[in-house]
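User: I would like a close look at a single part of this model. Please keep the answer plain and connected.

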Amino acid sequence: METKAVKEKSLEDGRAAMAACYQGFDPAAYLQYNYTPPRADFCRRDSIVPWKLGCLHRAFTEEDITGGVLVDVGSGPTLYQVLSGCEVFERLVLTDFLEVNRRELRGWLQEQGKSSLDWTPYLQHVCKLEGRGVSAWSEKAARLRAVVSDVLPIDVHCPQPLAPGALPSPGADCLVSSFCLESVSPDLDAFTRALGHIGGLLRPGGHLLLIGALGESFYLGGPGVQIPVVPLDEAQVCGSLRESGYALIRMEVYTLPPDMRVGVDDVSGIFFVKARKD
């Protein structure tokens with residue numbers, strides 16, 4: 001029978017192996033792979049990025065998501081996931097495990113907007129979803145810069161993922177997380193535990209908006225940098241949420257058209273979840 005010490009050592013080895021995979025992560029390459037056409041084609045309703053932005057827009061404009069603090073868990077080098085939420089919350093905390101990603105985020109947040117990707121088309125698209133003219137994108141950019149209070153390190157495999165005192169008690173009002181947990185977990189059990197850990201950042205009754213990959217075993221984090229992913233199906237996602245103390249409100253699923261399968265991963269679909277902490 002496996003002892004507690006052996007199990008903990010195995011868990012630590014798995015986390016260390018995942019961390020090692022990310023040492024060569026290249027934010028600019030990752031953005032080019034996933035956030036340019038065809039995956040980010042704003043003229044196509046079946047493109048990946050417009051689908052995700054539509055899910056987020058609908059969720060953030062529903063009246064049950066309210067409060068003062070929104071935390072983005074595992075932001076990576078991207079900003080699209082908070083373009084709707086920044087209009088709802090007065091404080092937004094961005095987080096990532098990697099300093100290269102935190103540096104990328106801080107670069108855009110500076111007034112000159114230094115970034116490896118031009119986020120203007122994303123800002124314009126979300127403005128259209130909100131019923132505003134595309135020329136309002138600069139106002140949205142200013143709003144986003146105004147409400148981001150911190151860009152913090154995070155480790156979702158720690159029971160306390162953020163440093164003590166990073167958030168007010170009793171926690172954030174809402175969490176958003178995109179393609180993070182399944183991409184940094186060595187197996188399904190670790191994915192489920194990570195869901196529980198980030199739930200500790202959320203106040204009772206607060207909401208989780210979760211976007212992730214279905215059927216994916218790897219993605220490229222840079223040239224020659226293949227990062228393993230926990231292949232998930234819809235039932236596993238729902239089971240992990242339930243086990244981690246969340247009540248599922250809805251799940252939406254996107255299936256990749258053939259021309260979206262561009263060789264930088266083997267993902268077959270994407271899920272969007274809106275859930276509430278019990």
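Which residues does H197 touch, not counting residues up to four places away in sequence? Please also describe the surroundings of H197.

Analyst: This is a predicted model, and what follows was computed from it. With neighbours up to four places away in sequence left out, H197 touches V156, H157, C158, P159 and P161. H197 itself is found in helix 8, which covers residues 188-199. H197 counts as buried because its relative accessibility is 16%, and the cut-off for buried is under 20%.

H197 also takes part in lining the largest cavity, together with R15, H157, A190 and R193. By class, the cavity lining has two charged, two polar and one nonpolar residue. The space in this cavity is about 30 Å³, and the structure holds one cavity of 30 Å³ or more.

The largest pocket can be set beside this. It holds about 640 Å³ of space. Its lining has 36 residues, and the closest to its centre are Y22, F179, C180, S183 and Y219. Helix 1 (4-21) supplies the largest share of that lining, three residues, and among the helices that each supply at least two are helix 2 (27-34), helix 3 (48-60) and helix 7 (181-184). The pocket lining divides into 20 nonpolar, nine polar and seven charged residues.

Key
Residues are numbered from 1 along each chain as its sequence is written. This is a predicted model: local features need pLDDT of at least 70, side-chain atom pairs count only at pLDDT 80 or more; totals for chains, interfaces and linings use all residues. Side-chain values use heavy atoms; hydrogens and water are left out. Helices (H or I, at least four residues) and strands (E, at least two) are DSSP runs, numbered from the N terminus. Buried means under 20% relative accessible area, exposed over 50%, partly exposed in between (1.4 Å probe, protein chains only). Contact means heavy atoms within 4.5 Å. On a 1 Å grid over the protein atoms alone, a cavity is a set of points where a 1.4 Å probe fits but cannot get out, and a pocket is an open set with protein on both sides within 12 Å along at least five of seven lines; lining residues have an atom within 4 Å of a point. Grid points are joined across faces, edges and corners, and a volume is the space filled by probe spheres set on the points. Ala, Val, Leu, Ile, Met, Phe, Trp, Tyr, Cys and Pro count as nonpolar, Asp, Glu, Lys and Arg as charged, and the others, Gly among them, as polar.
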